[in-house]
Amino acid sequence: MRSRRGIFWYSLGLTLLLLLPMVLTVAFFTDQYQKQQLLRQASAAEDSLRVEPGAQGVFRLLLVVQQDKPAFVLARVDGPQQAVTLCALPGSLLVDAPAGRTTLAECALSAGAGRAAQLLGNTVATGESAAPQLAYLAATPATWVECVGRSATVRFDTAAVLSAAARQALGYGSDPVADCTAAQAGVLIERLQGLLTGAGAQADARAAVWAAFARQDPMLLATLPDGLRRQSARLLTDLLAADLNALEQTLVYLSSRPALAVDYTSAAVQPAKGGVQLTADGLAVVAALLK
């Protein structure tokens with residue numbers, strides 16, 4: 001009897017000795033597998049949250065064409081919305097200044113493009129909101145052309161801004177589409193403006209042509225910052241090197257988006273003493289671009 005009990009306990013102990021390493025081995029590999037699964041899930045979550053460079057960038061820029069009568073285009077570069085929106089503003093637009101109202105053109109000629117951007121922001125700001133951060137870039141027409149590239153081309157539909165009679169007078173009666181390079185864009189804009197009445201409509205012609213270039217060739221957006229760097233000695237801007245790098249990231253990101261929307265919008269104006277002023281709707285448009 002004792003012999004049988006001894007054999008039983010001996011066999012049980014031997015069995016446990018044999019099974020224990022196997023159990024521990026299975027437990028070890030099960031634990032390692034679970035840890036690997038957790039690491040994979042964490043990595044997948046991190047990848048899903050990773051944001052492409054430039055995807056979150058939002059820039060508000062006042063683009064100024066320096067000439068006898070300065071021209072202004074307000075631009076919003078919006079990474080999250082995948083959109084670039086342009087809004088041309090008349091040089092005769094009145095803005096609030098400490099000494100009274102003045103026009104954008106007068107301000108740019110007397111105090112510089114930076115001051116014009118500042119006063120525009122102050123005019124749009126309300127008692128409930130601070131003046132938005134509005135950077136500026138100012139250059140002569142020739143410098144803007146060099147920044148974009150003289151050979152950049154666009155097919156611009158003059159019917160977008162001109163009546164049938166005006167297109168006929170301009171020579172686009174049978175075919176409203178004008179083939180235009182960046183070097184020729186200034187002349188085309190002047191010809192369009194010559195057939196338009198009202199400061200707002202004339203300003204829109206510039207925004208429409210500029211938007212057409214970016215819409216038809218999004219790579220112009222990606223290469224613009226490098227063009228600005230090449231022409232930096234001929235530019236006036238408050239963008240620092242880091243700002244320009246961040247803008248470049250956003251423009252490169254946008255240029256590769258299939259859903260990129262490039263367009264222009266109009267800020268309605270009405271006659272006022274000394275120039276024109278934004279209507280309530282026009283003010284809302286500008287405020288939305290600067291928000």
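A: Val58, Phe59, Arg60, Leu61, Gln133, Leu134, Ala135, Leu239 and Asp243 line the second largest pocket. This is a predicted model, in which local features need pLDDT of at least 70 and side-chain atom pairs count only at pLDDT 80 or more, while totals for chains, interfaces and linings use all residues. Residues are numbered from 1 along each chain as its sequence is written, and side-chain values use heavy atoms, with hydrogens and water left out.

Q: What volume does the largest pocket have, and what is a pocket here?

A: On a 1 Å grid over the protein atoms alone, a pocket is an open set of points with protein on both sides within 12 Å along at least five of seven lines, and lining residues have an atom within 4 Å of a point.

Q: Which residues lie nearest the centre of the largest pocket?

A: Of the 48 residues in its lining, Val65, Ala71, Ile189, Arg206 and Trp210 lie nearest the centre of the largest pocket.

Q: Is Thr279 buried or exposed?

A: Buried means under 20% relative accessible area and exposed over 50%, with partly exposed in between (1.4 Å probe, protein chains only). Thr279 counts as buried because its relative accessible area is 18%. Setting aside residues up to four places away in sequence, Thr279 touches Ala268, Val269 and Gln270, where contact means heavy atoms within 4.5 Å.

Note on methods. 1 Å grid on protein atoms, 1.4 Å probe; cavity = no way out; pocket = protein on both sides within 12 Å on 5 of 7 lines; lining within 4 Å.
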